[in-house]
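Welcome, and thanks for taking a look. Please open the structure below and keep it in view as you read.

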Amino acid sequence: MSISSDTLPTSPVNPENPYAEQHEHPDGPDDDRPTALQIVADNVFNEWHDKVVLITGATGEIGLETAIALHSTGAHVFITARHVSEGQAAMWKIRSRSEGSGPIDILLLHMESLDSVRQAADEFLQRSPTLNILINNAGICEVPEGKTHDQFESHFGINHLAHFTLITQLLPALKAGSSRTFQSRIVQVSSTHHRCGFVDFNDINSTNKKYIPYLAYAQSKTAMVWTANYVDAVYGTAGVYALSVHPGMVWSGYQQHMEPVQLKWWTHGYGARQVKSPAQGAATTVWAAVGRVWEGRGGVYLLDCRYAGGSRVLDFTSADFLRYLPCGWQTEERLWKLSQQCTEESEPLLEGMMPIAQASTVGIRYDSVVMEDAD
Ligand SMILES: NC(=O)c1ccc[n+]([C@@H]2O[C@H](COP(=O)([O-])OP(=O)(O)OC[C@H]3O[C@@H](n4cnc5c(N)ncnc54)[C@H](OP(=O)(O)O)[C@@H]3O)[C@@H](O)[C@H]2O)c1
């Protein structure tokens, strides 16, 4: 048999950037960039009737599309909502658009209260002893200065500490769900804003400085990335990996507190062409959750359905885009300990997890990588 060069693909698909071509010339929502459902169709060949997925904030634009796509895998899907009526509305939308027949459970969750997070985690554990994928998607963006019930700055408390608590509460279930054929995954829905603000360990609540919503949001998203890196380094050996993603620009509740000058970026020229539909915005999250290439791999940062560098890469401040600031294991461990103090959560000790002292040696594996500019 002869093989003609006409039948060979022009270039092999890079498994860490399989949708490169579709992202080459973005042209606004509903252009050629893949949707979350396409990612599922391309990656999940077997029905996922044995999988359990939990998505926070499925009443929002990106969370709903994430839930629809993951439900279409056949998995049992848990969604969180602040109110029963909103959870039910989301559930009906999932049922009407997903071809999956798995159960959908609603967990009531008010992320401004750590007690509510623990109650939701308890409720989950009563209904399922195992979890395969935890998607920490819910979030607020650039809201005016405020505090959670537990007296933390709103972004830090809701985006980071609430998800941190969910992670520590559910790590045993994630470990229990992990198997040789599919190791459990945590997906932290972050943002490219994480590059614009570090965690201010001396002032996490922004009480001693002028409150700038943009920086408070950035701090919380950085915290989510560092938490993923910590989980990945320590719990990866126990079969629980963690990845961070930037979903892309999507019109949603996300913009409601933005200044007109920021919104101009969304409505004109280059910025407007970057904007995705919610279904496209959910694609990278879903790729992190189902992509075969991420089996047993974490500590990475994904955007536009591609690997964009180790997430332990060097970030830069908005003030000086050329000044790269290092982060690494010690910073991530420091944040983890601070988050434990804030939430009074203890370190879940799981069989097979890497001793924390040893994890520091894993913690430097990405330090030499510099993340490319994403916007
Ligand atoms: N849209 C973008 O361009 C963009 C860019 C970068 C990153 N992201 C990230 O993507 C994620 C999803 O955002 P989105 O664009 O889909 O925004 P969205 O439509 O506003 O959805 C936010 C979700 O978070 C939930 N939520 C907010 N505060 C909560 C609280 N205190 N307790 C419980 N749930 C709460 C919301 O619940 P309710 O429905 O009850 O309000 C909603 O389900 C966020 O983490 C965001 O930071 C978005």
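Here is a short tour by topic, starting with how to read the model.

This is a predicted model, where local features need pLDDT of at least 70, side-chain atom pairs count only at pLDDT 80 or more, and totals for chains, interfaces and linings use all residues. Residues are numbered from 1 along each chain as its sequence is written.

**Nonpolar core**
- The largest nonpolar core has 104 residues, meaning buried Ala, Val, Leu, Ile, Met, Phe, Trp, Tyr and Cys joined through C-beta atoms within 7 Å.
- Helix α6 (213-235) gives the most to this core, with 14 residues.
- Val286 is one of the residues that touch the most other core members.

**The β7–β8 loop**
- Asp304 sits in the loop between β7 (300-303) and β8 (306-310), and its phi is positive, near 45°.
- Cys305 lies in the loop between β7 and β8 too, with a positive phi near 55°.
- Most residues other than glycine have a negative phi.
- Asp304 is buried, with 24 other C-beta atoms within 10 Å, and Cys305 is buried with 28; buried means 20 or more such atoms, exposed 12 or fewer, and partly exposed in between, with C-beta atoms placed from the backbone.

**Helix α7**
- None of the eight residues of α7 (260-267) is buried.
- Gly269 follows α7 and has a positive phi, near 50°.

How values were computed:
Helices (H or I, at least four residues) and strands (E, at least two) are DSSP runs, numbered from the N terminus.
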